[in-house]
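Here is a short briefing on a two-chain model. Keep the sequence and the 3D view open while you read.

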Amino acid sequence: MRHVITILVENEFGVLTRVAGLFSARGYNIESLNVAATMDPTVSRMTLVTRGDEAVIEQIKKQLNKLIPVIKAEDISQTEHMEREMLLVKVRAVDNTRAEVLRMADVFRAKVVDVSEASYTVELTGKANKLEAFLRMLEPLGIIEMTRTGPVGMRRGASGFTVDS
Amino acid sequence: MKLTGAEIFVECLKREGVDTIFGYPGGAVLPIYDAIFQKPLFKHVLVRHEQAALHAANGYARSTGKCGVALVTSGPGATNAITGLVDSYMDSIPTVCFSGQVATGMIGNDAFQEADTVGLTRSATKHNFLVKSVEELAPTIRKAFYIATTGRPGPVLVDIPKDVSTAVCEFDYPETVEMRSYKPVTKGHLGQIKKVATAMLNAKRPVLYTGGGVIGSPGAAEKLAKLARQLNFPVTNTLMGLGGFPYDDERFLGMLGMHGTYEANMAVTHSDLLISVGARFDDRVTGRLDAFAPDAKIIHIDIDPASISKNVFAHLPVVGDVGVVLGQILKELERRESGPDEAALAVWWHQINEWRAKDCLHFDQAMDGPIQPQYVVRKLHELTKGDAIIATEVGQHQMWAAQHYGFKKPRRWITSGGLGTMGFGLPAAIGAQIAMPKETVIDIAGEASIQMNIQELATAMQYKLPVKVAILNNTFMGMVRQWQEMFYESRYSHSYSDSLPDFVKLAEAYGGKGYRVTKPAEVEKVIAEALKNRDSFTVIDFVVAKEENVYPMVPAGAALNEMVLA
């Protein structure tokens with residue numbers, strides 16, 4: 001099963017390696033990992049996507065919490081939550097395909113962020129399946145390159161996942 | 001007060017109550033060694049290899065309950081220390097290792113004796129630090145000791161660049177440590193404690209299965225003894241847990257697991273309640289998991305939540321310090337009106353005593369035959385009245401020591417359990433002897449293992465340590481040979497200890513005493529003589545039966561009750 005784990009960590013040197021190292025040392029897979037500082041610059045927040053059965057996920061959470069700089073970790077996949085991912089995709093756009101790329105971007109509510117005589121670079125934010133659908137539509141037109149952030153996520157509702165919560 | 005980093009180092013260790021460190025100098029730690037020279041606030045023991053510094057610190061920590069401390073230089077000093085760090089990590093031994101590092105400006109330049117020590121030791125330690133400025137040094141050292149000694153103890157490494165040691169700043173030692181991301185739980189959840197008490201009182205075939213946590217947690221062994229006696233429950237120890245319950249108590253079943261006793265393994269397999277106290281269901285303990293205690297409800301008391309339900313599902317987990325939790329359980333039991341199910345326990349004990357009657361550790365010592373290794377261990381016990389501190393290397397001799405020595409109390413048994421590090425015993429014995437100068441400290445060794453850190457005889461000589469090394473010399477890497485005999489049709493691939501040195505002459509060359517014993521009748525006399533020698537170390541080369549095997553044995557992947565008995 002796919003699980004989305006959010007983690008608050010001390011924003012310090014080496015913490016990303018500790019988290020990544022834990023996964024490799026214990027044979028767990030990381031599908032994606034996203035990290036950036038929070039409003040409090042001493043704290044970073046990670047969103048980590050992994051796969052495993054209940055026992056494995058339980059062990060992952062415990063092992064994460066065991067890391068000294070990890071403040072807290074939570075599996076949000078079983079809760080009401082949202083996930084968003086960002087995609088940058090550079091598509092070949094010449095003659096007759098230039099309009100088609102723009103049309104697709106419009107349908108998906110994507111933003112054109114760079115234009116050249118032979119390409120458009122488009123930014124799209126959304127759930128993974130939306131991003132994938134967009135890529136499928138662009139593929140026949142010729143994707144030059146693309147990059148994705150992997151999802152970030154949080155629970156829905158008024159309560160927050162913070163150091164003090 | 002303005003001090004250099006090196007002076008701060010010395011002051012911090014003093015404030016942490018450190019009286020002894022084990023180390024080896026080198027370029028990157030020269031400023032620290034100079035500060036130690038100028039202000040000797042603690043004893044520094046010079047080892048002959050950095051791996052030994054860590055094992056000695058480990059032996060020191062295990063025999064005293066205090067934190068072991070080591071100091072090594074950058075590059076090879078640090079890489080040599082890694083085995084010792086992992087050893088302490090696997091066995092949860094509080095250790096702080098300080099390593100020198102090239103100057104901050106040189107880091108990343110492949111400088112002379114540079115290694116990415118923090119990177120290399122990340123998975124070898126509970127936590128590690130690179131100190132990037134002298135201002136960070138004191139708070140980092142404070143945190144290092146705090147992390148090493150609290151929660152589930154373990155090794156912490158502090159990497160100190162040379163320019164941090166020489167830079168100057170105001171010295172201010174933090175009185176307290178507050179870490180929002182690290183708050184170990186010590187007290188057990190009360191609701192769980194109540195459930196544990198009820199389960200214990202209802203149990204018909206209970207077994208207390210106790211590990212290194214009982215040794216590590218102050219007062220836990222006394223509480224365990226009280227609990228086991230009050231409820232009349234049988235107790236089995238893991239390798240790490242030996243000494244956590246007196247071997248001569250009739251409730252003691254001996255060690256469990258791969259080389260555990262028949263009665264311990266049978267009792268665990270047939271139990272209806274297995275109470276794990278400070279143990280981690282290691283594969284050497286459980287055997288095949290699906291056949292491990294199949295009918296038992298499992299209570300797991302451990303300070304490390306990640307240990308719980310990692311290998312075996314715990315029906316009733318209790319996170320906390322085992323000493324504290326055992327105290328809570330005793331208190332809860334006091335409140336209960338009824339006692340344990342005595343009728344059921346009588347039946348259970350009857351069954352256990354039947355298993356016991358197999359006498360699975362039995363061996364025969366013919367006085368005109370070769371010396372049996374078990375006989376040497378029994379004689380060591382007899383002549384030290386079971387009171388020695390026993391360190392071991394790794395292999396058959398280690399298992400025979402575990403099975404036959406018999407420990408009365410915690411901190412007398414110092415063995416490399418999790419990592420199984422050959423070469424551990426001699427430096428660990430040295431660390432224990434430094435900590436306990438009056439005690440008898442014996443390294444029970446094999447002729448192969450002892451050669452992995454034999455250079456430490458020089459350390460023993462330098463500090464006039466009366467450590468005894470009892471080599472059970474069967475001219476084989478015995479445990480490897482045993483597995484080859486049992487599972488590889490006796491193809492003894494590279495397990496013969498060829499070209500052995502003359503251990504007597506070797507001992508003498510290092511300045512100590514050496515004996516060789518070839519006849520059973522001489523065993524007692526030579527041990528007695530060695531025990532009298534307090535002026536130097538003693539090596540006894542016991543020439544023992546070559547192809548004796550350790551039994552009982554649960555083959556890897558078999559169930560605990562599928563033991564090979566002889």
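The points below cover confidence, each chain, and the contact between them.

This is a predicted model: local features need pLDDT of at least 70, side-chain atom pairs count only at pLDDT 80 or more, and totals for chains, interfaces and linings use all residues. Residues are numbered from 1 along each chain as its sequence is written, while chains are lettered from A and ligands numbered from 1 in the order in which they are written. The model scores ipTM 0.91 and pTM 0.96.

**Confidence**

- Chain B has a mean pLDDT of 97, where pLDDT is the predictor's confidence in each residue, from 0 to 100.
- In chain B, 100% of the residues reach 70 or more.
- Where pLDDT is low, predicted coordinates should not be read in detail.

**Chain A: overall build**

- Chain A holds four helices and nine strands; helices (H or I, at least four residues) and strands (E, at least two) are DSSP runs, numbered from the N terminus.
- The pattern along the sequence of chain A is β-α-β-β-α-β-β-α-β-β-α-β-β.
- The C-alpha trace of chain A spans about 55 × 30 × 30 Å along its principal axes.
- Of the 165 residues in chain A, 24% are buried. A residue is buried if 20 or more other C-beta atoms lie within 10 Å of its own, exposed if 12 or fewer, and partly exposed in between, with C-beta atoms placed from the backbone.
- Take the contacts in chain A between residues at least 6 apart in sequence: 74% join residues at least 24 apart. Two residues are in contact if their C-beta atoms, placed from the backbone, lie within 7 Å.

**Chain A: helix α4**

- Helix α4(A) covers residues 128-138, and its buried residues include Leu131(A), Phe134(A) and Leu138(A).
- These residues cover an arc of only 60° around the axis, which puts them on the same side of α4(A). The arc is that of the directions from the helix axis to the C-beta atoms.
- Asn129(A) and Arg136(A) are exposed on the other side of α4(A).
- The cover over the buried residues of α4(A) includes β5 (81-92), α3 (97-107), β7 (119-126) and β8 (143-148) of chain A.

**Chain A: the β6-β7 hairpin**

- Strand β6(A), residues 111-116, is hardly covered: among its six residues, the count of buried ones is zero.
- β6(A) and β7(A) form a hairpin, with two residues between them.
- The two strands run antiparallel and are joined by five bridges; strands pair if DSSP finds at least two bridges between them.
- Val112(A) has Val122(A) in β7(A) as its bridge partner.

**Where the chains touch**

- On chain A, 16 residues are in contact with twelve residues of chain B.
- The elements of chain A that give two or more residues to this side are α1 (15-25), α2 (54-66) and β4 (70-75).
- Helix α2(A) gives the largest share, five residues.
- By class, this side of chain A has six nonpolar, five polar and five charged residues. Ala, Val, Leu, Ile, Met, Phe, Trp, Tyr, Cys and Pro count as nonpolar, Asp, Glu, Lys and Arg as charged, and the others, Gly among them, as polar.

**Chain B: overall build**

- Chain B has 21 helices and 20 strands.
- Its C-alpha atoms fill a box of roughly 70 × 60 × 40 Å, taken along the principal axes.
- With 566 residues, a compact globule would have a radius of gyration near 24 Å, and chain B agrees at 24 Å. The radius is taken over C-alpha atoms, and the globule rule is 2.2 Å times the number of residues to the power 0.38.
- Buried residues make up 56% of chain B.
- Among contacts in chain B with a separation of 6 or more, 77% come from residues 24 or more positions apart.

**Chain B: the six-stranded sheet**

- An open sheet of six strands in chain B has the order β16-β15-β17-β18-β20-β19, with parallel pairing.
- β16 (413-414) and β19 (513-517) of chain B stand at the edges, each with a single partner strand, so one side of each is left without a neighbour in the sheet.
- Strand β15(B), residues 389-392, pairs with β16(B) in the parallel sense over two bridges.
- Ala391(B) stands opposite Ile414(B) in β16(B).

**Chain B: Met461**

- Met461(B) is found in helix α18(B), residues 457-462.
- Met461(B) is partly exposed, with 16 other C-beta atoms within 10 Å.
- Not counting residues up to four places away in sequence, Met461(B) touches Tyr510(B), Gly511(B), Gly512(B), Ser536(B) and Phe537(B).
- Met461(B) and Gly512(B) are 51 residues apart along the chain, with their C-alpha atoms separated by 6.8 Å.
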